[in-house]
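Me: I'd like to go through this model with you, a few questions at a time. Here it is.

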Amino acid sequence: LLKGVLADMVSGNGISQRQCGAALRHGRAVLFAAAAAVVVAPVLWVAPAMAAPSQDNDDPPVAGAGVVSFPIVNGRGWLLNVGINSRYDTNLSRFDGADGFRITPQVQGGVGIPLGRQELFVGGLVGRDFILGNDRIPNRNRFAGGGGLNWRLGQRCDGQIAGEYRESLALFSEQANFADNVQSVRTIGGSASCRVGGAFGVTGSVRFTDLQNSAPQQSLFGNRGMNYSAGLTYGRPALGQFSLTGSLDQRVFPRRTVIDPTGAVVSDGVDIYSARLGYQRGIGSRLTLGAGISYLSVKPQPSEQVVLVGPDFGFVVERPGFSGMGFDGSLVLRVGSGLTVSVAGNRRAQSSVNLGALYTLTTAVSADVNYRLGRAITVAAGGSIVRNDYRGGFASDVDVVARVSDKFDRIYGQIGYQAGRLIDVTFEVAHQRRDSTPAIFNFSSTSALLSLRASFGRTQ
């Protein structure tokens, strides 16, 4: 079946017979790896498996991601996910238009340990990306490990302290192309919330992040910094919850330097401020919605720099910032016993960590429809549109000219089958396209993903 599907895709995209033959040879490797997963997985008892992701490669979801990437086990228990993803892409590296496979077996797990009223958790991930059919991207390991504490203080305050170290090939859609670059990220953060009276609350969080790249040409994008936030909430069951939040994200790029007006050589950096008014409410068991509007202010650090035009002469220029409105929203609607519709979107400012720019203004929208056919089969479809406007752009060894903007579109269709309590199988076909300014960064590709996954464990 997989060989037939891939053959149709290859002929539909006008790929040569040589590439078609290579795809079919790699297809046998995919089927062999999938069969191995089927043989090994039933050895242990498993719980219902998690759904396959619907993002391109390792892109985060539009709705955002948390501090840790592994599953957090609350209370006493353990969880072990064993899986393999076999992905065929007609433009694997986003560079030369050559097709290839990315096969990723991985094991992901977590353990929860109660300590009185507190809950300790640890977890991690071990895997490897095998790249077949494209010499630009080598095989590389994937690893993540960390832990934390869900804490409670009295009857009114709770929060979380968590940290993680992870590393893997950098495979994100905003990159000019994929190559031999392992990205490592260290993250540690804490959050707290306390109820004041019956309806009011206060919240706060702090997070440190350090991101580095192994490839010398990507080293300019390495950065570290702190994120701080604090807020007030007001909530009633009949009204929902209102929130007022302020945040500051300070980011420094140690390997990029600029000359400030005093003549000192300092690290490049950016401060991003946000003030947000939000609302969240669940209406019965079928509708959950959230919305927020925010004011964004972006300030390059330093705000001015000296541009040299000779060995002993230069002039001071202002580095443009940004002030404007942002938004975020999400909606989950459940219709009957089988249909779920999810919509999410946001406009935000963030530091640029994978390309030659200081910061990015991102507007993103996604929609997904999921329908369960009986007890075992699920079909899904959806898409996303992401618009990136790059500010403070510069040419580098990766981006030969400064990037101005991108529009990344993606659509997908998916079918999943859960074989009792043992194996979860997902097949997905997707098409993604990037329209860039300048146009040399354009690409399009069609991909097919076969995912097999099982989840083992026991939780309270």
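Reply: Ground rules before we start: helices (H or I, at least four residues) and strands (E, at least two) are DSSP runs, numbered from the N terminus. This is a predicted model, so local features need pLDDT of at least 70 and side-chain atom pairs count only at pLDDT 80 or more, while totals for chains, interfaces and linings use all residues. Residues are numbered from 1 along each chain as its sequence is written, and side-chain values use heavy atoms, with hydrogens and water left out.

Me: What does the secondary structure of the protein chain come to?

Reply: Going by those DSSP runs, both helices and strands turn up in the protein chain. The tally is two helices and 20 strands.

Me: Which strands does β1 pair with, and in what sense?

Reply: Two strands pair if DSSP finds at least two bridges between them. β1 (residues 77-89) has 13 bridges to β2 (residues 100-115), with N85 bridging to T104. It also has 13 bridges to β20 (residues 443-459), where L80 has F456 as its partner. So by that bridge criterion, the partners are β2 and β20, both antiparallel.

Me: What share of the 460 residues is buried?

Reply: Buried means under 20% relative accessible area, exposed over 50%, and partly exposed in between, using a 1.4 Å probe and protein chains only. For the protein chain, that share is 43%.

Me: How are the rings of F143 and Y165 arranged?

Reply: Rings of Phe, Tyr and Trp (its six-membered ring) pair if their centres lie within 6.5 Å; planes under 30 degrees apart count as stacked, over 60 as edge-to-face and the rest as tilted. The structure holds five such pairs. F143 and Y165 form one with 6.5 Å centre to centre and 45 degrees between the planes, so the label is tilted.

Me: And are F408 and F443 buried or exposed?

Reply: Their rings are also a pair, with centres 6.1 Å apart and planes at 45 degrees, so tilted. F408 lies in β18 (residues 405-419) and F443 in β20, so the pair ties together parts 35 residues apart in sequence. As for cover, both F408 and F443 are buried.

Me: Which ring does the charged end of R403 sit over?

Reply: A charge sits over a ring if NZ of Lys or CZ of Arg is within 6 Å of the ring centre and within 35 degrees of the ring normal. R256 lies over the face of F253, at 4.0 Å from the ring centre. For R403, the distance to the ring centre is 4.7 Å, and the ring belongs to F441.
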